[in-house]
Amino acid sequence: MKDPGIYRRSHLHASGFDDKTIDRMIAAGDLTRLRSGWLAAKNHDLTAAAAVSDGGVLTCVDALRFHELWVPVGRRKLHLRRSRSLSGKHPACRPMKSGTIRQRLTVATKPVDSVPSALLCATGCLNREEWIAVCDSYMNSHGLGVEDLRAELGSVGPTVTDWLYLTDPRSQSGTESISRVRLRSEGFDVVVQPQIKGVGRADLRIGLLIIECDSMQYHATKEAYERDHKRDRKALVNGWLTMRLTYDDILFGWEEVLADIRNITNRDRHRPRTPRKRELVEKSVRYSASEGKNSPRRADNQQKILASTPIRSPRGSPGLGRHTFRACFDRCQ
Ligand SMILES: [Zn+2]
């Protein structure tokens with residue numbers, strides 16, 4: 001874990017610093033007093049210091065960003081939590097209202113909350129898709145499955161449990177996660193990270209429609225720009241449809257995106273109606289399955305997902321037909 005450079009005096013004592021040494025470091029400017037019992041080294045994290053100075057610790061969106069997970073942009077307020085005996089100028093974050101989160105957050109002893117504590121707090125500040133996207137980011141970057149995350153979160157209420165089982169550690173970006181959750185909630189059969197011959201791994205697939213969810217972080221370079229255009233060209237030549245979505249499309253223009261996707265699926269343009277098109281889809285399923293077998297971590301994660309994902313029938317699926325998530329996974333991966 002990154003060190004925010006903020007310490008409790010008791011922790012410094014445990015590390016061998018006595019009060020005399022600590023006071024000498026404060027006088028020399030090597031330590032700064034943030035509030036009673038909390039001190040910051042010279043190169044401390046400024047956002048965490050702001051939370052501690054205001055009587056709390058960093059949590060929620062800001063702690064998740066500190067842990068280098070994907071978080072949506074535009075959350076400007078300081079996300080902190082503090083004990084009831086303390087007060088400050090910034091309002092404290094609150095997990096989803098009582099009864100939904102059963103587990104009480106532990107007393108904060110560190111300047112930045114752990115990922116599980118920050119995720120619990122974020123249930124009150126993020127919407128469902130955003131929270132799921134952060135969970136995906138955490139599981140993907142740490143090699144965790146859904147059950148691992150569930151164990152880390154502890155006892156949670158039914159709403160958060162529902163959200164938890166919509167997560168997917170295979171997701172490669174927050175925009176991909178948000179798109180997947182929204183499309184599935186609309187009843188689309190969405191394949192996650194399909195392998196497409198001649199193209200490589202795509203973000204999402206609905207029948208013959210490939211959906212690429214660009215993020216600001218990974219698509220700003222010339223190399224990415226060139227690669228993505230080549231992928232789109234190869235996909236088109238091979239008979240796929242590609243829809244490339246930007247961060248703004250997904251976060252701020254979703255209604256229009258959804259209307260465009262429906263424009264394709266309502267006219268069955270995504271359905272593999274010819275033997276050649278069906279072969280395209282079947283090959284994608286086979287390539288994805290064979291890659292999974294060759295990747296122990298990926299296969300392990302997939303088993304965890306399968307073991308823990310409730311089987312649900314999508315509502316009126318306009319994709320390849322009505323079937324359960326497990327059947328979709330078996331067939332499409
Ligand atoms: Zn918050």
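Q: What arrangement do the 4 donor atoms around the zinc ion make?
A: Ideal angles for four tetrahedral donors are 109.5 degrees. In this predicted model, the 4 donor atoms subtend angles of 101 to 120 degrees at the zinc ion, so the arrangement is tetrahedral (four donors, all angles between 85 and 135 degrees).

Q: Which protein atoms are the donors of the zinc ion?
A: Donors are N, O and S atoms within 2.8 Å of the metal (3.2 Å for Na, K and Ca); water is not among the atoms, so sites may look incomplete. Here you get C60 (SG), H79 (ND1), C93 (SG) and C125 (SG), at 2.1 to 2.3 Å from the zinc ion. C60 sits in helix α4 (residues 60-66) and C93 in the loop between β5 (80-81) and α5 (115-122), so the pair ties together parts 33 residues apart in sequence. Helices (H or I, at least four residues) and strands (E, at least two) are DSSP runs, numbered from the N terminus.

Q: Is C60 buried or exposed?
A: Buried means under 20% relative accessible area, exposed over 50%, partly exposed in between (1.4 Å probe, protein chains only). C60 has 0%, so C60 is buried.

Q: What is the strand order in the open sheet of 3 strands?
A: Strands of a sheet pair through backbone hydrogen bonds, either parallel or antiparallel. This one reads β1-β3-β2, with antiparallel pairing (a pair needs at least two DSSP bridges).

Conventions. Residues numbered from 1 in each chain as written. Predicted model: local features only at pLDDT ≥ 70, side-chain atom pairs only at ≥ 80, totals over all residues. Heavy atoms only, no water. Tetrahedral: all angles 85-135°; square planar, octahedral: opposite > 155°, others 65-115°.
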